[in-house]
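Please look through the sequence and the model below before reading on.

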Amino acid sequence: AAQLGGIFTHGEAEKDTLERIDQAKLDVKKAEDAITQLEGTLGLPDQSTGKLAERKALRDKLEADCWIKIKGQHDAHFKDAFSGLRNSQSRFCDRVLQELAQNGATLVDLNTLKERASSLFEQGMERFAAIQEIDASSLVAAEAEPVLAKKIVGKEDVDVAALITRLGNSDWVRQGLAFLDGAEQCPFCQQDIESDLAERLNAYFDETFLADINQIERVERSYGSAAISLVERLEAIASLDTRHIDAAGFRADVDRLTTRLESNKRVIAAKKREPSTPVALEPIGEAVAALTGQIDAANAAIATHNALVDNLATERAKLIDEIWKCLLHENDA
């Protein structure tokens, strides 16, 4: 008889299959029950219950915090950086989360950002002309003019020198020379004039004396001219309508320098009247340095502003990134 490979019982195979089906149904039921439980934990799609409600509450709080603590506190200065977001708490919060995830800008001080924003987002931005620098070098140099400190007197080997020295006032004698010409009596002693008195007095006030007097006059002219030019230039700067200079502070420094220049002009005039008296000018270097410093600072600010104008789109985009970086850092919690 032929050999059979094996004997299979239909009933046993069917039983095994049915058991597997029953187990599968149990597994499905467990999975469905777990899903139902998880869905209950998750909550309804309207986010009124469960974890969805908790998440919505957290999102609502985050939106409110971002709106109040970031937008509310900084909108006045950075409204252009918040463009397109200022009417929607949700969009504003989305932007906060987006910036938190990808902003790689450098952290910049808040006050610095406010100053830059006031310039970069200004309507109708235009370049500013630099403020002309001032030059007071000739006025400062005059303080060391040797003739001012020199006791200017006449020639000592003239016979009237001893008399003038005894009188102790060669300036008075020199001024009296103007009254000597054509006079019958000496303007100094009210006695008859000696025939050669004028000649002897003129010999006393020799070429060296006259050269020194001429030098004083040159100093007086040059100092007066330079002082007028400097003050006019400073007045023009003080009258500029520019935000780059503190008008009140600059005006105070201009007035302080002007007062000192007028005082020095009177000192030089006194030296001219009485050349035998040494004088010293009040230093103006410190006052000039204060004004120069303000002008230099203003020109640096103007140069920065002009660079921003020249590269406006790029600089605005950079500023917006830096604003978000700063505000995220400020509200890190």
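A salt bridge is a side-chain nitrogen of Lys or Arg within 4 Å of a carboxyl oxygen of Asp or Glu. R59, E63 and D94 are linked in a network of such bridges. The model is a predicted one, in which local features need pLDDT of at least 70 and side-chain atom pairs count only at pLDDT 80 or more, while totals for chains, interfaces and linings use all residues. Residues are numbered from 1 along each chain as its sequence is written, and side-chain values use heavy atoms, with hydrogens and water left out.

The overall plan can be given briefly. The protein has 13 helices and zero strands, where helices (H or I, at least four residues) and strands (E, at least two) are DSSP runs, numbered from the N terminus. Buried residues make up 32% of the 333 residues in the protein. Here buried means under 20% relative accessible area, exposed means over 50%, and partly exposed lies in between, with a 1.4 Å probe and protein chains only.

How many salt bridges does a search of the whole structure find? The search finds 18. Side chains of opposite charge can pair when their charged atoms come close. One of the pairs is K29 with D33, whose closest N and O atoms are 2.9 Å apart. K29 and D33 are four residues apart in helix α1 (residues 10-42), so about one helical turn separates them. K29 is partly exposed at 44% relative accessibility, and D33 is also partly exposed, at 40%.

Other pairs join separate parts of the chain. D75 forms a salt bridge with R86, and their closest N and O atoms are 2.8 Å apart. Because D75 lies in helix α2 (residues 50-78) and R86 in the loop between α2 and α3 (89-102), the pair ties together parts that are eleven residues apart in sequence. D75 counts as buried, at 13% relative accessibility, whereas R86 counts as partly exposed, at 33%.

K150 and D212 also meet through their side chains, in a salt bridge of 2.6 Å from N to O. K150 lies in the loop between α6 (146-149) and α7 (161-167), and D212 lies in helix α10 (residues 207-238), so this pair ties together parts that are 62 residues apart in sequence. K150 is partly exposed at 35% relative accessibility, and D212 is buried at 14%.

G104 is found in the loop between α3 and α4 (110-120). With a relative accessible area of 73%, G104 is exposed. G104 and E322 are 218 residues apart along the chain, and 8.7 Å separates their C-alpha atoms. In helix α4 sits L113, which is buried at 0% relative accessibility.

Helix α11 (residues 247-273) has 27 residues and reaches 39 Å from its first C-alpha to its last. That is close to the 39 Å expected at 1.5 Å a residue, the expected span being 1.5 Å times one less than the number of residues. The buried residues of α11 include F250, L257, L261 and K271.

The last topic is open space. A pocket is an open set of points on a 1 Å grid over the protein atoms alone, with protein on both sides within 12 Å along at least five of seven lines, and lining residues have an atom within 4 Å of a point. The largest pocket is lined by 13 residues, of which L62, C66, N331, D332 and A333 lie nearest its centre. Helices α2 and α3 are the elements that give two or more residues to this lining, and α2 gives the most, with five residues.

Methods
On a 1 Å grid over the protein atoms alone, a cavity is a set of points where a 1.4 Å probe fits but cannot get out, and a pocket is an open set with protein on both sides within 12 Å along at least five of seven lines; lining residues have an atom within 4 Å of a point.
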